[in-house]
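This briefing concerns the protein chain displayed below.

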Amino acid sequence: MDSIDTKRLYDSNGNDGAFSGCAVLFLGSSSPAHNLLSLYKDEQGKFSLFKVIKLTLIDSVGGLEGYEILKLHDADPFLGVELKFMAMPPCQRFLESYACGSLAQFLSQHASRLLTLPDVVVMETQLKAGIHTLDQSLQDVEMCLEHIRQSQPVRLRDDEVTQLEQQLQNSFGPPSHLPQELPRNCFLFQKRVFDDRPLTSADQQRFAAHVGRDWKRVGRALQKNCRALKGPAIDNLAYEYEREGLYEQAYQLLGRFIQSEGRSAKLSRLISALEETKLTSMVEIMLGIQPRD
């Protein structure tokens, strides 16, 4: 198929202008005993599953802007998640995350934490825009963007999704009463106070086990105030430990940070870097926060 002329997708200033379109993300699992569609049909399980989907999208797109969930629906044996994109950059980040496997990785991590699924359960995904199955053309991002742009929404956001979104916001609870002055050696996350401390080898292992392909993004955030990570240091780590894989690359990154900064390599600095890169679920993992249903 001929390549898409990207000029049609941008205005004269190089912006994505009025770009909008829809895609449907189909989600399932390899285990009949852990069927996502059945969980969605269960009133108690529905909210937890919605939170898994929401956190997966936040991690994949890098935030909350530029897209929304329109509807969840029965697409037996899958659960269908209808997505509307209102800008091209988040749509492109979503496609890139889906294509490289990061989205599936985020989905597995969140499902494991929030739905208590065994690690052996493999998440299954499929992506469509209109009549086109995008899994077959992920190597051509421009073509996928064009298919999504051509698939325009035919409905407003479903009332059920609106209720789930509101329930998700309410699940964080009312703002806690905080002291007027934050105690020394403490930091805030989501209006909660946490003790600050130097990073440990356990932190290093936990970070490496969960951050996946996003380790370089976190490294870019850390390098702003760490001389040892400036310049080509992060790319050098990626090249040096490429054969060992993502775990070792992430492990070495945080190790380099700890070795260089000493006792100044505080937990709060890592949390700030994770917040800057919109990896909220990683913050929860590093702080040991138990998700609230």
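In this predicted model, residues 24 or more positions apart account for 69% of the contacts in the protein chain with a separation of 6 or more. The secondary structure consists of 12 helices and 7 strands. Of the 293 residues in the chain, 47% are buried.

**Surface**
- The protein chain has an accessible surface of about 15400 Å², and carbon and sulfur atoms contribute 47% of that area.

**Nonpolar cores**
- The largest nonpolar core holds 45 residues, and those touching the most other members are Ile 53, Ile 69, Leu 72, Phe 85, Phe 94 and Leu 95.
- Helix H2 (residues 43-61) is the main contributor to this core, giving 9 residues.
- Leu 72 is in contact with Tyr 40, Phe 50, Ile 53, Leu 79, Gly 80, Val 81, Glu 160, Val 161 and Leu 164, when residues up to four places away in sequence are not counted.

**Packing of H8 and H11**
- Helix H8 (residues 215-222) packs with helix H11 (residues 267-276) at an angle of about 115°, and the two axes lie 9 Å apart.
- The crossing of these two helices is right-handed.
- On the H8 side, the contact is formed by Val 218, Ala 221 and Leu 222, while H11 supplies Arg 269, Leu 270, Ala 273, Leu 274 and Glu 276.
- Sorted by class, this contact comprises 6 nonpolar and 2 charged residues, with no polar ones.

**A buried glutamine**
- Gln 204 is located in helix H7 (residues 201-210).
- Gln 204 counts as buried because its relative accessible area is 10%, below the 20% cut-off.
- Leaving aside residues up to four places away in sequence, Gln 204 touches Tyr 251, Leu 254, Gly 255 and Ile 258.

**Backbone features**
- Most residues other than glycine have a negative phi, and most peptide bonds are trans.
- The peptide bond from Asp 76 to Pro 77 is cis, with omega near 10°.
- Pro 77 sits in the loop that lies between strand S2 (67-75) and strand S3 (78-85).
- Lys 278, a residue other than glycine, has a positive phi near 65°.
- The loop between H11 and helix H12 (280-287) contains Lys 278.
- Lys 278 is classed as partly exposed because its relative accessibility is 43%, which lies between the 20% and 50% cut-offs.

Conventions:
Residues are numbered from 1 along each chain as its sequence is written. This is a predicted model: local features need pLDDT of at least 70, side-chain atom pairs count only at pLDDT 80 or more; totals for chains, interfaces and linings use all residues. Side-chain values use heavy atoms; hydrogens and water are left out. Axes are lines fitted to C-alpha atoms, for helices over the stretch in contact, and angles run from 0 to 180 degrees between N-to-C directions. Helices (H or I, at least four residues) and strands (E, at least two) are DSSP runs, numbered from the N terminus. A crossing is left-handed if the near helix is turned anticlockwise from the far one by less than a right angle, and right-handed if clockwise. Contact means heavy atoms within 4.5 Å. Ala, Val, Leu, Ile, Met, Phe, Trp, Tyr, Cys and Pro count as nonpolar, Asp, Glu, Lys and Arg as charged, and the others, Gly among them, as polar. Buried means under 20% relative accessible area, exposed over 50%, partly exposed in between (1.4 Å probe, protein chains only). Accessible areas come from the Shrake-Rupley method with a 1.4 Å probe; for residues, only the protein chains shown count as cover. A nonpolar core is a set of buried Ala, Val, Leu, Ile, Met, Phe, Trp, Tyr and Cys residues joined through side-chain atoms within 4.5 Å.
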